[in-house]
Every structure is written in C-alpha cells, then in structure tokens.
Amino acid sequence: MISLLVIAFGVTLIYLAVAERMKTYNSLIAVQGLLLFFITYVELESLDVWHLILILMETLVIKVIVLPYFIHRLLIKKGGDRSVALVVPGYISLTVVSAIIFFSFLLSYLLHDQQIQVKYFTGAIAAIFTGLYLIIVHKQVFTHMMGYLTIENGIFLLSLAIGNEMPLLVNLAVLLDVFSSVLILGIFIDRLEAFSTLDVDQLEELKD
Amino acid sequence: MTEIYFIISIILIVTLFIARVTVISHALVFIYIGLLGWLCVKEWLLLDQPVEGLLHADALGVLFLFVTLIITFFSTIHYIIYAQKRNQGVRAIAIHNGSFVIFVTAISGVFLSTHIGLLWAFLEASTLSGAALIYHDRDRLALEATWKYLFVSSIGVTLGFAGIMFLSIAAHNTPNDIGSLIAAAPLMNIGWIKTSFIFVLTGFSVKMGVVPLFTIDIDAKDSSPSPIGAMFSGPLMSVGFMAIYRFYQIYSHTSILPWMNNLLLFTGVLSLFLAAVFILKTNNYKRMLAYSSMEHAGLILVAFSTGVTGYLVAILHLTIHAFAKAGLFFEIGQVHRVFSSKIMEQCGGYFKISPIGSITLLAGLLAIVAFPPSGLFMTEFMLFKSLMISGEWWIVFIVMFLLCFFVYAMVRNFFTLIFIDNPNAKIIAKVNPLESVPPLFLIGTVLVVGVMRPEFIIDLINRAILVLPH
Amino acid sequence: MNAVHIFEGLTVLTLLVYFVPVRWKQPLCLLLSVGLAFITTTWAIESFTGQEVKQPLSMPFWFHNSVLVIDKLSAFFLVIINFGTLTSILFSRGYMKMYEASKRSQDFSLHYFFLLWLQIAMTLVVTLQEGLPFLVAWEIMSLSSFMLVIFESEKKEILNTGIYYLIQMHVALFFVLAAFALVEAKTGISGFDGLAIYFKTYPSIPMFLLFFAGFGIKAGFIPLHSWLPHAHPAAPSHISGIMSGTMIKMGIYGILRVVSFLNESLMEIGTIVLIVSLISSVFGVFFAIFQHDLKKMLAYHSIENIGIIGIGIGTGLIGKALGNPVICLLGFSGAILHVLNHSLFKSLLFYCAGSVYNQCHTRDVNELGGLIKKMPTTSMLFLLASVAICGLPPFNGFISEFLIYKGFFSGLDKNIFISLLFLGGIIGLTVTGGLAVFCFTKAFGIVFLGAARTNKTNHAHEVSSSMLLPKFLIAVPIIAIGIGSFSFMPYIEGIATLYLPAGAVAPINMIGPVLQPLSLALGLFILLFVMLLVWRAFQQRRVVITTGPTWGCGYSGLTPAHQYTSTTFADNLKNLSMSLSGMKTHYHPIEAEDIFPSEKRKYETHQEDELEKILILNPSKLLLTVMLKFTFLRSGKIQHYILYGLGFILIVALLTIFNVL
Amino acid sequence: MIPATLILLTSLLFPGIIGKVKAMVSGRKGPGLVQPLFDIYRLLRKGNVYSTTTSVIFQIAPLLYFATILFCVSFVPFGDTAGLLSFQGDLFLFVYLLGLGKFFLIINALDAGSGFEGMGANREALYSMLVEPAFVVLFGTFAMMAGYDSFYGIFAHWHLNSSTYLVLSLLACYILIQIAMIENSRLPVDDPKTHLELTMIHEVIVLDNSGFDLGLIQLGNAFKFGIFGALIANFILPEHQSLWIRALIFIGVIFVFAVIVGLMESFRARSKMEKNPQFILTLSSIAAIAFLVALIITNKLI
C-alpha cells in the first residue's frame, strides 16, 4: 500500500519534469499533497487528536486545497497559464529526474540505516533534488515556486522517514512558516507586475 | 518569563500594523526596544540558571542580544530620519515598523531558542519579515532584490531544515534540544552528521552571507534602506553564525571536528576570495560595504576553523564588525541621500559638503579595513597568531594577500568619494551634522575597543565557548 | 605626574589643532611638537649618559600597560625624529602659505594633526618593545604619513599615489605582523623579547627575511623601493623632508633592532644584506640621474643612501660573523652615523627643493636655471647639501663613508670569499660616489647655475626667513659632524657596541682616535682654502675685472636654449647603460598635413622604473585581469544562485568522500 | 716636507718637458722647458673676464680645485719617509678630495651656461666616475697586502724583492699612468693639442675661465701630474738609501714619466668618444686582475 503511494509520488516527480502547462504543475503539487496525506494517515499508528488535526491541516487543507487554489487564482490573474518555456528539452529533464530517483534509491540502499524507512527516504531525497533541478532549469517564477513546493514536500516526507516527532509547538511554527512563505511568495509574484512577463530573465539588473 | 516578551511583542506588532499615526508607530518601536533591553538584562542575569523550556539564551545568545539591541536602537533612529527626509507615507512606515519588529523578534528568538526546530522556525520568520523590509522602497530593484532574497533564502533555509532532519536521523530518538543533543553527540553516526553539517552550512550561509548562497544577501543590503543594511550585516550575520554555531557546538563532541574545521576554512577562504573579486568590480558604495561584510564573515569562519584559540577571535570579530559596519551603513545612507545616488561615478567631494560626515567615513574606513587602532586589527592579529599556532602559515599569507585587495578597493573608493570633486555629482540634499553623531559613536566604540580590552564581551565569549572541546 | 603623563597629555592635546584658527595651527603644532621633543630628548640624553630608561605608559593597552624602553639605539633615533620633525614644522610655516588661498581650515587641521601624530607614532615605534603595540604604532605612522602625502588630495593622481603608498605600507605591515605572530606563536612571548628567544631556538634566516621584507619596504631597499619615487614628489616638501629624512629610517631601525638579536647564520644574513644594499645604492643613484623631477631625483637618492646604510649593516654583520670587533664596529657605526647624516642633508635638500617649488611652481629641472642669482642663500645651502650627500669632504657624508671604507679595507685580507665580497663592496661604493657626483653636479648646475631656461623663474626671489631658518639649523650639524667628527663618535660607537660579537673585548672608544687626524686634515684643508681665498682677493684687487657674454666660440647667437638640460647631461650615461636606464622617448604623432615629417617633430623623454614595472605593475595588472574573470559568477540569474548551492553540496560531498577535507 | 717640495718643483717642469718631447718627436724646436711656467705666471697676474651669466661659483670653483690638488700633495710619501701629513685612511681622503675638486670644476663649467662647457662638464663627470674604481681597487690591493690604508703605510711596506711584487708594480705603474692621462684628459681620452672646441673635455670646461682662475687650474693640472708621477716613483724608490739618492731617483722617475707621457701623446691618436668609457673601464678590470694576483701572492686563492 505505502510502497504504491511512494511510487506514485515518484511518478509525479517524473511527470513534473516533462509537464508543459502551469496548470499541470499546480495540480501535480496538489496530487503530491494528497499522496502525502494518505501516507501520513496510514503511517500514524498512535492517533492522538492534536497530531491528527495537525497532519490534516498540514497536508489536506494547506497542501491540497489552499495553496493550489491560491496559485490557481494567481495563474488566472497573471495569465501565467501558458505553456512553460522549457530551457532544456523534456527528454533530458526526464533522464535527469529518473537518474535522481535512481541515485536516491542507491543512496538509501547504501545507507540503509535501520533508523530510517528506506522508501520514504528515497522519495524525500528524490523530491528535494528534483525540486532543485526544476528551479535550475526553469526560468519562470511560477515554476520556481513549484520547485520550492516540491522541495517542501520532500522535506515533509523526510520528516516522516525519520519518525521521531518534534514537539507540537515546533511543528506548528514550522507549518506556519511554510504556509506563510508560500503566501508571501505569492504576494510578491502578484507585485511583479512591474515586469512584463514572469520570466526571471527580467530580474537580472542586480549584478556587478 | 521569556514568553511574556513574545506575547507583548506580538501585541505590539499587531498594534503597529493597525496604528496609522507616524509618531505613535515610532513610539511603539521604542517601547519594543525597551522591552528588548529588559529581555537582554533578564537573560544576562539568568545566565547561570539551568535551562528550562524552549527559550533560554546562553552566554553567546546574551552577547548577540545586546548587539542586536544596540544596533536596533540606532537603526530605528536612522530609519526615522530616513522616513522624514523621504517623507514616507504613514502606511509604508507602519508596515516597515511592523515587519521590523517581527524581524527583530525573530532574530532574538533565534538567539533564545534552545530547540533546533524552533531555531529554524525563527530563522524562517526572520527571512519572511526581512523580505518586507527590503521591499521598503517599492521600486523595481527593490522588488527584484526582495524576490531573490525571499526565494533563495527560503530554499536555503529549507535545505537547512533537511540538515536538521539528518541530525535527528543521527540522533535517533533523542529530543532535538541542544543540551540533550550535545549529550547524545558521541553516539551519532558520522555519515549522517557530516551530511547534516553540509546541508546546514549551505542552507544557513544565506543568512551569514558567505559562500555558496551569499549573492542575494549582497542584493538585499544594496537595495534595502541603509538602516536595514546595518541590521542585515550586524544582527542577521550573527543569526547565521549562531545557526551554524549551534550545529558546530553539537558535532564538535564527535570525531568530525577536524573535518568541520577544514570545511569552515575552505568556505571562509572561498568567501574571502570571491568578496575580493567583487569588491574590485563593484561601483556601488552599498554593495562595497556588503562585500566587505562578506569578507569579514569569511574571516570569521577562517578564525573559527582554527579551533580552540580561534573561537574567541571569531566571535569577537563578529561583534566588533557589527558595530563598525552599522556605523558605515548609516553614514553611507546620508551620502546616498546627499547625492541621491550610491554609484561612485555620481558622488564626490563629500568633504566639502559634510566635514564631520567625512571624518566619520574616514574613521569607519579605518575601523573596517582593520587599521589600528581599530578593534578589528586586534582580532586580525589574534587570528593570524592562532593560524600560526595551528601551523597553517600558508593560509596566513593567502588571507593577508586577499585582505590587501579590500584595503585597496575600500580606501580608493572612499577617498575618491570624500576628497575628489566630481562634476557629475549633483548635491540634492543637505545633511545635518548631528546625524553623523550616532555612526561616529558606533565607530568610536570600535576604535576604543581597539585600545581598551572589552572585558565584558570577552568574558561572555569565554563563558560561551566553554561548551566547545578544549 | 611624571614625564610620561605629560607625554600622554600632549598626545591628547593634539586634538586642539582642530579648534584653533588657521594662523594659530602651525605655532600650536610647533609648540606641542617641541613639548614632545623635549620630553623624549631628555629620556634620550638620560639613556645616552647612563642606563636605559623604562617609562611605563599609564594608559592600558589591550592586555596590559606597555612600557617605553629607551636604550641607546632608541635614544639615537629619538634625537633624529625630534630634530627632523621640528625642522619640518618650522619649514611648513612659510611653505604652507602657498595653500592658504586654495585650502580650507579643516585641511590644515588634518595636516598638522597628522604631522604631530607622525612624530608621536615614530617615537612609539622606536620605544615600544612588545609586538602588538609596536605594530599599532607602526601602522599609525604609515597612516599619518599617508594622510600627509595626500594633502593636495583634490588632485586625482596625488590621491592614487597616496593609495599606492598605503597599500605597499600595508603589505609591509603584513610581513612584520606575520613575523611577530610567528614569534608569539612559537615562543609565547610577544615582541622583540620573544624574538631574542626565537633566534636562539629556531632557524634565523626565514624569520629575518620576513622582517627584512617588512622593514625593507618601509626603508625602500631595491626591489622593494617602488613607492618612494612616487610618494615623495606627491607630498608637500616639508613632508617629503620628514618622510625621506626620518620616517624611512624607521625601517632601518627595525632592521637594526632585529639584527641586534641575531647570533646564528650571521654570515649568510650579512651577505644578503650587503648584496641587496649594494644593488640599492648603485641602482638608486643610477635611476636618480635620469629624473627631471627634482623631488623624484631626491627620492631615488634616498634609496641610494638607504643602500649605503645597508652596506654598513652588512659589513658589520660579516664582521660579527668573523668575530672581528673592528670590522663590526666600523660597519655598524658607519651605518648608524649615515642614518643621522642622511636625515640631515636629505631633509635640507628637500627643503631647498621645496623653496624652489614654492618660488617657481615647477619641479621640472629643465624649466629652471640661474636661480643662484635669485635665491643665493637657498642655492648655497643646496650646494652644501649636495656636496655632503655625495660623500665629499669636508662634510658629514664623507665621515660615514670613510668608516665603511675602512671597514671594508680592514676586512680585505680575511678569506677569499670575504675579500671578493668586500672588493665588490668597495667598487660599488666608489661607483655610487661617482654617480652621485654626476647626479648632483647635474642637479645643482641645471637648477641654480647658467641662465634661466623658461620664464617660470622670472618672479622667483629668496624665500622668507621662516623657510631659511630650518635650513640653517640643519646646515650647522652637517658641517659640525664633518669637521669635528671624532667628538661625536663615542656616542655612535656606544650604540654600535650593541652588535659586538659575543665574548669579543670591546675596544673602548676605538673610532674617535681614528678620526682625529682626519678632522685635523680637514681643518687644515679649510685653512688652506681660506688662505688661497685671501690671496685671490688681494690679486683681484690689483687687477682690472671686466664682464662680457659667455663665449660661444665665435657663435654669437647663444641663447639659454643652447645650455645643457638634465636630459642631455645624462645622455652619455644613457648611451652607456643602454636599456637599463629605462629612458623612454615618446614622439608626438605625425599630423595629417605634414606629409614630409620635419625634423622639428616634437617628442618628450621620461624615465620608467623597469624594476617597478616588472615587480609591481605587471603582476598586479595580470592579477586583476585574472580575478575579474570570476565576476561572471554574479550573473544575476536566480537559477545560477541555486545552482551554486547545489554545486557546493556536491563538491563538498565529493571532497569528503575522497578525504580531501 | 721634502716630498711635497720635490713634487711641487718637479711638477712645475712637467708641462714643459712634455711639450719639449712632443716638439722634438714632431721635429720642431718647440718652446723652452719653462715656457708653460711663464704662461701660468702671466695668467696669475692678469685680470679676469667674467661672463654675465656666471655667479660666485665661477669665482670660487677654480680656487677650490687648486686647493684640493695642492692639499693632496701633502699625503704622498717619499719612500719610507711619511708624507707631510699622513694618517690611517688618507687614501680615501685623497680620492674624495680629488672628487671634490672635480665636482667644483664641473659646476664651474655649468655656471657659464654655454653648450660647449656643458658638454665638457658631463663628460668630465662621466669619466671621473668611471676612473675612480680603478684607483680605489688598485690601492685596495696594496692595502690588502700591506695591511695599511694610508699611502705611507702601503709604500713603507712595499718591497721590490720578489718577482710577483715586480709584476704588481708594473701593473700599478701602467694603471697609474693611464689614470693620470685620464685625470688630466690627455690622449687617448682627449687631445689638448687640438683647437679648443674640439678638445671636448678638459680644455672646454675652462673655456670661460680667464686670468688668475685659469692659471690656478693649469697649475693644478701640473700638480696632478706631479702627484701621480710621485706615486709611481714610490713604487720604485728603494728603501733605506740616503735621502739624496732617493731624491735623484725620484726626479729621474718623474722625468721619465713626463717623457713617456710626451711620447704617448705624440704616437697616439685620440680615440673616438664612444670608445673612451670602454677604455677607462679596462683599467678597472686590470686593477681587479691586480687584486686577484695579490690574492694569489698572499695565497688566499688556493
């Protein structure tokens, strides 16, 4: 069951590499959130009410509903719903991402610390590096944000992989930060009307 | 006890965002500073108490809190001048003051938190509030800088979080508060903590402004109002240092200590080199100051990497540098206002416009390029000594060699600004000599520290580094 | 309330300079300087007569109260510092009048403030013994001199020169700093006391080379000299005077101080010093010959004289290595005496040059001429100083060279290596002397004799007495040391005995007697000269004196343009030394209209310091280009920034895996 | 006292002898031996003509030049009887006093402000700079061997008993003769016979000097020859002989020296100006060779 979910997560990553429309990205992020929700739900043996609420908020509400919706609105507003200008051709991204996934499998196999749960760890590492890769190869603000969210998902998965929980307060704070960071990013995207398109090539004036 | 501080400051923040009267808004900020002062003193008095709860500052935290307090105070004053002279709207001021208080609160939170996760949360909070501060001027460049800062440092801090995750992998089920982590350190898996430290260093370099993610830090200091620049290169650098230091503190009880030192040395020298490259290239006074901050951050890492003898040097250097750089940022802020430009080709002949301001700049230059009697000269001498003791004499020469570039660039550009009349320079505004007094005071303290040993600071530092292996 | 408190009080009082009106600044400065000089001189006298003086400062400095230690060496340098500063400040009164129109009172405040601080810093440099305080004093000295150099800072090129100077001083500081740091790291004792221990236990040569590099840049040994010819012309003349006369001697002080602790591998170090100094002296004067700029020429002569001092030190060291007290004493006392001599005649020369600049507003000797009729006193003083600096009797320059010669000659029969080395030294010294004569006959002849070459000298007249007084003050000791040398020698010798080889019986007051017959001879010579003068006077009275134009060998159209200029005078030497001289000729481009370029095509020649080009300019240019190649990293592209992060992680990971870190 | 007087007297005749020799070689009768003396005497009683460009330097310089040479006479010993005033290191004073004289002669030339004299001045400066090392190295050699650095010390310990000493003496004589020629700017460096403007060194320096000053300069030159002659003589003078014999030998040597100079001047052409530095530097190298020879003698080299 869990393996299936994680594999699905991996599939979303591969899909991210080749997706060509903003909407797809957005919905993919949402799907990832959903997957994460299921994973956590299955994962949680000791179901104390606070944690449940927290997880529900964190995954279902924020990752699946609020943020995608918010970004969707932005896309509509900014007319960002255009096909993504891929800097590198899709098949290369495809190979790279699959290489990343392969590499992370290898890594987690090599490490296989009984402390961690290998499949989560794999997924997490894969997500983090895929996110970074996405940011590096894309040149649009939205896609950068998608990359960021992917990394966040990876981190979330990583925290699952580790298993030992942080205190509730800390968790809340972390959650709050992630949430607000996305919001503020969104706000600033909204502000970027100073620039004609949302290409980051526009943002190259600050240099020596 | 400390919770009260946070509660009150949250209340203040809310009121600040609501309050739409300039005077009240500024007054509230000063109230907040009073609160911060109370916190500093309290923490200082409670130093020897055993740690309880998630919020408790150790000696280093107290030191940095004091630094933050002083620089916050001065940059508030300068922000008031800034807002007056550019007759900012009430709303802008309210937003700025609000996010400024969040910023400082987050910073103080970093110094206070004894839990790694909480520390991370405050770090991210400082990023977010910092974004609002950078965006103050609301022009194209500010927007660009803000976006870059926000994005890259979010990524960086996230990487840092990954580092934390790896730490807790290594730490098994021990709770992630520093005390117990230090206790558990010797049992940790080397591979994990090395990975963790790499991620942490990469991630939090964004705050400290060193390689690899130094770039946006420069942009931020450049495009934000100069009081904020002061905050960024003083307290915020301490935040970055603190974040890295916490992990160093934990791992230093494991066998990877020499590895960490080498890594820090590598990073430090690399930062020095790149800073030297860019300070030669740049034609913008604020960027120049930013690069010199990067240089000093690099020096701090180098010093820290020399182990036992270096810890004191590094932290002392950080502290003194905070004051000197703040003073310079304030004074450059005035220059910026006078010529309404920070580009070298459009400034000049400042000595004729404001002699005392020029004296301040000269003194600041003295302080920042570590000519005696600057406190930084002392720390640099001790740095070289500790490098010699640790037998890395070739590093000494590399560092000295690179430092010459900073001296050259800074001295050339500042003297051009002060003495050479520039036909392209249009004098937009006059400056009130009194405005140069606060920076002169800050820089003066740096020069005094160069002559008289700052016992209070050194004592605090010595207490702080007791936890590190000797 | 002892002397040290007054000293410290005076250092604080320097701030007053900012608050008095312009016309009071110089007198106040003079007053404070005299006060400082008085205190330090009393210490100096005390330590000369009796035991070394220890004065703990009441103000704590970082770790503890540092102590001013005045032994004979420090005392000697204190005297030089005080005299140099006083004359400089005296001279500045008249000289700075030029600037009163163009400069504001803040500029003067800065100037006099830092002039005082230069004196204070130099005083501290020669008296402080611990590492850190010494370095601080050292750097304050560099800084204040830098501020003095850029007095005319509104001129871009002067500012650049100043920065060039500052950077080199900073490099020098770094060498010394590294040396002190190493000493402290190894021995745990800071400063010169630690050095003494260090030399006992660790290899001496590398440490000495560190110090030699640091102090050598300050002193201006070739090839570390390149700042000198730029800084001296840029500075106001009284500053060039004090810098060249006194400040660069601080480098010599450092070397002398370090050398006094040496007791291992003296022969090697002595040889190194001797050879470097020979090169400095010969090339210094050689380059000096090709300068048009009067002050630049004098700057190169400073290099030459530093070389001569170094020759003395080297000789002394080799003497010590041989365990031969005579050579050792002769060498070191020659060097130490020459420090004093050079500080005297070089500042006198700079003040004269300053007076010329003050009157004619040019330093290019090719635009001058015939000034002896307009400014007789100045030119006579310049002549005196020139004769002294060429080491010609009966003035002081001759005495120090005499001692060094004697040192060489008494070492000639030691062993083959020493003999050849010393022969080289003798030749070098002679050539230096000859070139110096060449150079100063040129300088004096072109500037003061003959007919005026341009109209720049039209309005020149003798400078005010306030500018003449310091010159006379300097002229007196120049003559006194020249003739009454034997009476000064015991003090110099007392310092030189610091360096005697261990266990050697110090021949008490050896040099004085050696010099007595010399002084007698010089006295007689002057007597003879005077007698001849009298004879001539009588003869002239009896005969008829007529005047006419200079004889052009039948050519009646002689104009001032027919006179030799500095360039043509140096021409034959230039041809002799081919490209070594670095003389460059720049032809003006051929205009479009002159299809047949006439022989009247305009060109100018100037001298380029090849050594500087090779050692400083080209490398730094290369370095800059290489470093600026890295600026592509600031692409401004956000993706790249993220990439750096990723790259860093991967690189560090790899380095870790392969155990590089 | 004796050496000084001897030198002065002999050197008074020196120009005359040279002139006579040259005249005889070129088959003329030539002026009398004392003719140059008469010229000088007349000059000394003549009035001066000063150029308007000149200054006080122009009036003092010749006097100083003369004074230096006159004073240098007093260092020269007479075999093993010390010179008039001789002390350790008078060697250096000797060299530097001559240097002082040249210094003033040169600025004296520059004072007139004429192109010709400038030319002469800078050549004089160059050549005297080049010739000094030869002299110093030569006497350095002797000082090394004798262990004294005064003329008297050197010559008092100079023994012509061994062949090597003879070799050195011959080298020394050769070098000293050449130095003397250069110091007085005679052939091959410069030719006083030619017309003034063409004798580009010594005669042209004094182009504007007249009367008393000119007389002094010429007298000085004569004395200079005398001094060098005396130095050469000192190599040959045998020790512990009676004074008269030595005086005779001395005069003989001076005479021969003068004749040699005369002959050289008659049978030698002036070399090109560019060649001169090379020629002068060879002297230095020969002196250096002498030094090495001395090292061999005092077996330091083996």
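Two residues are in contact if their C-beta atoms, placed from the backbone, lie within 7 Å.

View 1. The model is predicted: local features need pLDDT of at least 70 and side-chain atom pairs count only at pLDDT 80 or more, while totals for chains, interfaces and linings use all residues. Residues are numbered from 1 along each chain as its sequence is written, and chains are lettered from A and ligands numbered from 1 in the order in which they are written. Chain D gives 66 residues to the contact and chain C gives 66 residues.

**View 2. The side of chain D that touches chain C.** Helices (H or I, at least four residues) and strands (E, at least two) are DSSP runs, numbered from the N terminus. Elements of chain D that give two or more residues to this side include β1 (49-51), α3 (56-73) and α5 (115-146). The largest share, 17 residues, comes from α5(D).

View 3. Strand β3 (residues 546-548) of chain C and β1(D) run parallel and are joined by three bridges; two strands pair if DSSP finds at least two bridges between them. Opposite Gly548(C) stands Ser51(D), in β1(D).

**View 4. Chain C.** Chain C has 24 helices and five strands. Its C-alpha trace spans about 100 × 75 × 65 Å along its principal axes. Of the 661 residues of chain C, 57% count as buried (20 or more other C-beta atoms within 10 Å of the residue's own, with C-beta atoms placed from the backbone). Among contacts in chain C with a separation of 6 or more, 80% are between residues 24 or more positions apart.

Definitions and conventions. Buried ≥ 20, exposed ≤ 12 C-beta atoms within 10 Å, placed from the backbone.
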